[in-house]
Amino acid sequence: MVQVLDMPTPKGRDLMERLVFRGIVFNMSWEDPEMDRQAFRLTPDDTVISISSAGCNPLNFLCQNPRQLISIDGNPAQNAILELKLAAIAKLDHATFFDIFAARNPSVVTKVYRPLLRPLLSQKSRDFWDKNLWMAHRGLYNFGRMGLAARIVRFVMPRLGLKRHRIEEFFEMRSLAEQETFFNEYAAPKLWGPFTERLCKSRWFMYLCGVHPRQLKLVDGRHDIYEYVKERLNYAFTKVPIYDNYFLSVVVTGRFRGNRVPPYLLEENFETLRSNLDRVQVVNGWLGPFLDTQPEKSISKFNLLDIFDWMTPEMFEATLKSVLRAATPGATMIYRSGSYQLDPPASILRHVERHDDLAKRLLAQDRSATYGSFYVLTVKSRPNGRE
Ligand SMILES: C[S@@+](CC[C@H](N)C(=O)[O-])C[C@H]1O[C@@H](n2cnc3c(N)ncnc32)[C@H](O)[C@@H]1O
């Protein structure tokens, strides 16, 4: 049985964050796991901590046989998705697991929930799914804030003249040259214009896309959010192979395409996931305070997503200090930002080694079309008590 830990909820989270970021926000992890795999190069000696989001990337790490996996999220609804996936790995066969979490035939979840999955869930996740199983029944990728944002995108596209059959054709293209020509000649002229600009500049639509209020201020404050979204999407649609881009396929066409899915959904990884379930700890709580409860030098890989875009500079520095305290010598941390530059503060930089060439190379293959910068850092020393 997977261990689930509830940390006390810190005081002082701002109203907007409490309003917007409750319930399911991210119905899938919006970080490209291939970047993480190449940055971490996990071994069976590694203890990994990852922000859960929808649990996809923590499970992608579990496919790589780490010694231990800690998956933490401040929003219990996100961990409820992860717990449901873990229970399904423990109790279902791969075909049924795929039916539910690749949304091939998701309604089967209702048949298996009470007899097989619910008994393995924590009380918090049982309370969540007892009320919200209909979302999994109808296909998770249509629900949660991100699911609603994706449905709005799919509603708008035909009204901009982007025909469904042409889009389906596009996602089957195997050559970058053909892809670039198609996008620049057929899609871009229809996609970019006053309507899309207004949509990108609507903070409510951006919140639905999972952009935190502080993150929006950071990105729009530095780069104009419309120009940023345009640049990131133009890059992904023309410079990154579209054929296996399951991120954009789920948003633009509402579905995964055959076996073009995250690694944790592949049949070849199912038995590995099942045999590694006892290595998982799920934590409902915030990263900094949790790390401060962990033994010093106990964690070797830190997957931090773009949480620092959600933080004030003081929270950013304090959380990185907690990371350095809990980190083994030589530990690796990775994070992303919605801005083109979000370097660690000076007080942290002197304790880490940057791998900017590797980070740049990996960002260039990012299928998520979301982040302006990516950071791969290894720990070379630790602050002494006085810093
Ligand atoms: C940072 S967000 C953004 C994810 C990503 N951009 C996406 O689109 O998938 C991912 C998750 O981090 C959680 N989160 C943010 N800050 C956190 C923190 N300090 N500790 C733990 N979880 C955090 C949120 O609840 C959310 O589920």
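Student: What do the buried residues of α15 pack against?
Tutor: This is a predicted model, in which local features need pLDDT of at least 70 and side-chain atom pairs count only at pLDDT 80 or more, while totals for chains, interfaces and linings use all residues. Residues are numbered from 1 along each chain as its sequence is written, and side-chain values use heavy atoms, with hydrogens and water left out. The buried residues of α15 include Y246, F247 and L248 (buried: under 20% relative accessible area; exposed: over 50%; partly exposed: in between; 1.4 Å probe, protein chains only). They pack against α2, α8, α9 (164–170) and α14.

Student: How many residues of α15 are buried?
Tutor: Helix α15 covers residues 246–253 (helices are DSSP runs of H or I, at least four residues, and strands are runs of E, at least two, numbered from the N terminus). The helix is largely enclosed by the rest of the structure, because its buried residues number eight of the eight.

Student: At what angle do α8 and α15 pack?
Tutor: A150, V153, R154 and M157 in α8 meet V250, V251, V252 and T253 in α15 (contact: heavy atoms within 4.5 Å). The axes of α8 (residues 144–159) and α15 are 7 Å apart, an axis being a line fitted to C-alpha atoms over the stretch in contact, with angles from 0 to 180 degrees between N-to-C directions. The packing angle is about 65 degrees.

Student: How far apart are the axes of α13 and α14?
Tutor: From α13 (residues 213–223), L216, V219, D220 and H223 meet I225, E227 and Y228 of α14. The two helices pack at an angle of about 90 degrees, and their axes are 7 Å apart.

Student: Which strands stand at the edges of the sheet?
Tutor: Eight strands form an open sheet of mixed pairing, in the order β1-β4-β3-β2-β5-β6-β8-β7 (strands pair if DSSP finds at least two bridges between them). A strand with a single partner has one side left without a neighbour in the sheet, so the edges are β1 (3–6) and β7 (352–354).

Student: Which residue in β4 stands opposite L5?
Tutor: β1 pairs with β4 (residues 280–284) in the parallel sense, over four bridges. In β4, the residue opposite L5 is V283.

Student: How many residues apart in sequence are the parts that F40 and F61 tie together?
Tutor: F40 and F61 form a tilted aromatic pair, 5.4 Å centre to centre with 45 degrees between the planes (ring centres of Phe, Tyr and Trp, its six-membered ring, within 6.5 Å; planes under 30 degrees apart are stacked, over 60 edge-to-face, the rest tilted). Both are buried, F40 at 3% and F61 at 1% relative accessible area. F40 lies in α2 (residues 33–40) and F61 in α3 (residues 56–62), so the pair ties together parts whose separation in sequence is 21 residues.

Student: Is P329 buried or exposed?
Tutor: P329 is in strand β6 (residues 327–337). Leaving out residues up to four places away in sequence, P329 touches K297 and V379. With 65% relative accessibility, P329 counts as exposed.
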